[in-house]
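Dear colleague,

I am passing on the structure that we spoke about, and my notes follow below it. Please read them with the structure open beside you.

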Amino acid sequence: MAAEWFGRTRPDQIPLWRLDEDAPDTWLVVGGRGAGKTRLGAEWVNGLVRGLPPYAGMKRGLDRYGLIALVGETLADVREVMIDGPSGIRTVARGVPPRFEATRRRLVWDETGAVAQIFSSEDPESLRGPQFEAAWCDELAKWKNLEATWDMLQFGLRLGAPLQLITTTPRPVKLLKGLMGHPRVHLTRMRTEDNARNLAKGFLDAVSSRYGGTRLGRQELDGELVEDREDALWRRDKIEAATRPVDGALGRIVVAVDPPASARKSSDACGIVAAGLDADGKAVVLADATISGASPAGWAARAVALYHRLEADCIVAEVNQGGDMVAAVLRQVDATVPVRSVRASRGKWLRAEPVAALYEQGRVRHARRFPELEDEMCDFGPNGLSSGRSPDRVDALVWAVGELMLRGRGEPRVRGV
């Protein structure tokens, strides 16, 4: 028992949800690099072959699986990662490991007679004909002929009580997005840091410092599905390219506030974004302090605190929703804070377009990563956000950058002059 992986694994690597009689038989594990996905797949296959819970026998006794499909992007990936890699099936096997018959492209367990055939997404037709009881699909989001390979595999899962495990780093591909929302698929998410104890010392710190908060880091380390809208005003690669720390004194600094229509927890957030001007006259986004479900006094206190922390020049507040009340609430928190009220006379898209153009011209940058703000920016299209919610962070961003770069088109003053 001491040698069994079950005693050392994490809760998210144990399919206890299958104890439910109506539990789905497709398990989708989406995770970052080094999160433990391959080890889980190898242990899952070994568990099925040996008839060991928690992978086999969860509802039907100690069932053993004898016909399994191993599917990867290429045949080399199946062998070098899924079978013989550091966390592969043969590497982690206890007792006598299965034999790999290269000419027949299969693994054989002599003890039980179980066979695992290997397949590549480069050749979907090779899955036409064979039939299986289970399948492990690795890095599905990278498969070359994704839809065709997946379809051929589903037709082959027709023996016994079929199970399939999908382990992948996420990419915004149609099939994966469909599986993540399917009611008959159980979704598990893993982050690289969840498996820190099994990673090389210093690895996590190194990659987190370099990629933390970036689109690549969120995908490859946090296992998030990050995607852009085709009709969005902003693109992630452009934002990331324009992100670097502040390297000099800033001139004018403003805090922009886009207040919600009400203080109910279900209402829109209060967008709070700060930006300043660098020595070259370019706008630098400094902070995103957006807050949800706060009372007027709550969001006002947050905006005023940010104003003082950054030694800003003023607070720019949209008054379409609350009129004079917005400025009054801010002044109740601190009567000395200068507030400039602005009123929107055009739609959100039309107001945002000139600011997006400034980004395209390289005249706006971010001082650091703002994941939630960037998510809104890259999901903001002509009809708003795809979720239908109000783009509160984007609204505040537009007011902040617009105040610095567009109002009056004149030279911005330098603080203290």
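Leu-67 is partly exposed, with a relative accessible area of 34%, where buried means under 20%, exposed over 50% and partly exposed in between, for a 1.4 Å probe and protein chains only. This is a predicted model, in which local features need pLDDT of at least 70 and side-chain atom pairs count only at pLDDT 80 or more, while totals for chains, interfaces and linings use all residues. Residues are numbered from 1 along each chain as its sequence is written, and side-chain values use heavy atoms, with hydrogens and water left out.

Leu-67 belongs to strand β2, strands (E, at least two residues) and helices (H or I, at least four) being DSSP runs numbered from the N terminus. Leaving aside residues up to four places away in sequence, Leu-67 touches Val-115, Gln-131, Phe-132, Glu-133, Ala-134 and Leu-159, contact meaning heavy atoms within 4.5 Å. The C-alpha atoms of Leu-67 and Phe-132 are separated by 5.0 Å, although these residues lie 65 residues apart along the chain.

Strand β2 (residues 67–72) runs parallel to β5 (residues 115–120), to which six bridges join it; strands pair if DSSP finds at least two bridges between them. Ala-69 has Gln-117 as its bridge partner in β5.

Both strands belong to an open sheet of eight strands with mixed pairing, in the order β3-β4-β5-β2-β6-β7-β1-β8. Because β3 (99–101) and β8 (185–190) stand at the edges, each with a single partner strand, one side of each is left without a neighbour in the sheet.

Best regards
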